[in-house]
Amino acid sequence: MKKLFTLIVALVATLSVNAETIGNTDNTSGWWTAFSDVYTVKKGEKAVVTFVNHNPGTGSNWYYNWLLVGLNPGAEGPKTLGAAYTPDNELGALRADNYGWGKYFDKPGEDPAGWAASYENTYDWTDLPGLLNGAEVEATIYQDDAGKLNVNVLTKKNGNTYTYDVVTKEALTTEGFSFFFSVDNAHLTDFTVAIEKQAVASTHTYDFTAWSAETVAALKAELNSTAPLWTDIEKEAWDTPAELAAGNCFWNYGGKEYADEELTANGVVIAETKGLKFGGMSKRGQLAIAVNYGGHVGTNFGPYNGPCYLWLGNKVDYFLIPDVPAGSSITIGVESHKNGATEGEDSDPRGIQLSIDGTNLGEAFTPTLYAENTWTVPAGTGNVTVKVQATSGCHLYFIDIKGGSSVKAAQAAPAKVQPKKVLTKDGIIIGGKYNIGGARVK
């Protein structure tokens with residue numbers, strides 16, 4: 001069971017740079033001729049790089065785009081060293097078109113087993129040059145708790161968001177790293193870099209009390225989607241959201257039948273629920289994510305234990321917790337949506353029932369006001385899938401899974417979606433390859 005952590009403090013910028021342009025604006029900056037400054041990221045920090053990518057457009061080489069080069073921490077780059085620059089301090093290079101080289105990013109062929117990093121993307125490969133030309137790019141670069149270098153790229157074009165995630169298979173031998181960007185017959189505008197402290201992690205396995213800024217932004221992006229999965233308008237007959245709900249609570253839009261799958265928003269798996277598999281919910285409002293939905297006091301409901309929670313709408317709602325080790329304990333914070341805190345006898349106890357392969361783990365837990373309950377998974381060998389079913393509308397604040405022989409150490413990880421990998425075109429590996437340091441391999 002992979003424990004997930006949720007961010008509980010705001011990210012604090014420690015360094016930022018003003019927007020600049022990298023490369024000639026007519027895309028005449030050839031290979032290894034235009035560079036950004038070098039930026040250093042310490043362990044426990046992350047770099048957030050934003051820019052608009054420009055290339056010659058449809059029909060041009062797929063590698064005429066941005067390029068990221070990793071360095072040992074504190075090393076200088078070609079912008080300052082010029083011809084004196086050598087690749088001795090390079091960790092590797094990553095190209096925009098799903099390709100990389102060097103010790104930590106090498107992708108020598110079509111077999112992922114031989115790659116030095118894992119590559120995942122959701123690009124539309126029909127016309128990659130056209131897709132990346134004029135696209136808004138946000139790259140988050142950091143060293144995770146295991147020491148591996150992570151590069152998570154969001155590419156936005158024509159109202160769509162594409163993900164490109166690369167993680168080194170080996171941990172860096174350094175604490176922290178440096179990097180710079182370059183271009184190949186392309187240019188970058190509005191290039192900015194912010195070095196931020198990574199947030200402190202929660203101790204809960206799944207924490208629904210502090211949704212990350214990234215998750216909130218993804219949910220809000222759904223409001224402008226042509227085919228939204230989430231909305232802050234609770235009722236289908238309403239035209240606008242309730243005042244307290246606007247941008248603060250997001251209901252499933254309806255129309256999509258979830259078939260035991262992870263929740264996504266704006267094309268990205270929601271980090272706080274990553275690993276949980278949801279079923280049903282084809283009707284609007286059967287599930288909600290409250291990111292800051294406080295202040296409620298009314299007939300049969302409110303005030304609640306807190307403004308942030310996962311809201312199961314009715315008794316058809318459920319999700320699965322896969323790979324729970326036998327003998328584990330599961331503790332969940334639960335509260336009835338109609339808790340009657342201000343109405344006394346009008347309260348309506350609601351909650352959840354846990355089960356394994358159709359066999360209930362004890363009685364349903366249906367508190368009126370907020371309470372926590374612990375279930376014990378029967379002892380045995382291997383892992384099991386636990387089903388969490390709502391008895392009716394209720395709020396979940398956290399899930400803790402402890403014990404069991406197969407519980408793995410936790411590690412914060414960015415959300416990812418399943419990739420659409422296209423490595424060849426007409427049987428030929430896409431794009432050319434360059435040696436680290438700038439020499440082209442034909």
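**Salt bridges and strand pairing**

I looked up Lys 46 to begin with and found that Lys 46 is buried, with a relative accessible area of 9%. The model I am reading is a predicted one.

I then checked the partner of Lys 46, and its side chain meets that of Glu 214 in a salt bridge at 3.1 Å, N to O. Glu 214 sits in helix α3 (residues 213–222) and Lys 46 in strand β4 (residues 45–54), so that I noted a link between distant parts of the chain, 168 residues apart. Glu 214 is partly exposed, at a relative accessible area of 41%.

I noted a count of seven salt bridges, among them Lys 256 with Glu 261 at 3.2 Å, N to O. Lys 256 counts as partly exposed at 28% relative accessibility, and Glu 261 is partly exposed at 25%.

I turned next to the sheet, where six strands form an open, antiparallel arrangement in the order β17-β20-β23-β28-β25-β26. Its edge strands are β17 (258–261) and β26 (359–360), each of which pairs on one side only. Inside that order, I found three bridges joining β20 (residues 277–280) to β23 (residues 318–325), with Phe 278 having Phe 319 as its bridge partner.

Finally I followed strand β21 (residues 287–290), from which Leu 287 and Ile 289 point one way and Ala 288 and Ala 290 the other, all of them buried. β21 pairs with β16 (residues 249–252) over three antiparallel bridges, and Trp 251 has Ala 288 as its bridge partner. Four bridges join β21 to the antiparallel β22 (residues 309–312), where Leu 310 stands opposite Ile 289.

Definitions and conventions
Residues numbered from 1 in each chain as written. Predicted model: local features only at pLDDT ≥ 70, side-chain atom pairs only at ≥ 80, totals over all residues. Heavy atoms only, no water. Pairing = 2+ DSSP bridges. Helix = DSSP H or I, 4+ residues; strand = E, 2+ residues; numbered from the N terminus. Buried < 20%, exposed > 50% of the residue type's maximum accessible area, 1.4 Å probe, protein only. Salt bridge = Lys/Arg side-chain N within 4 Å of Asp/Glu carboxyl O.
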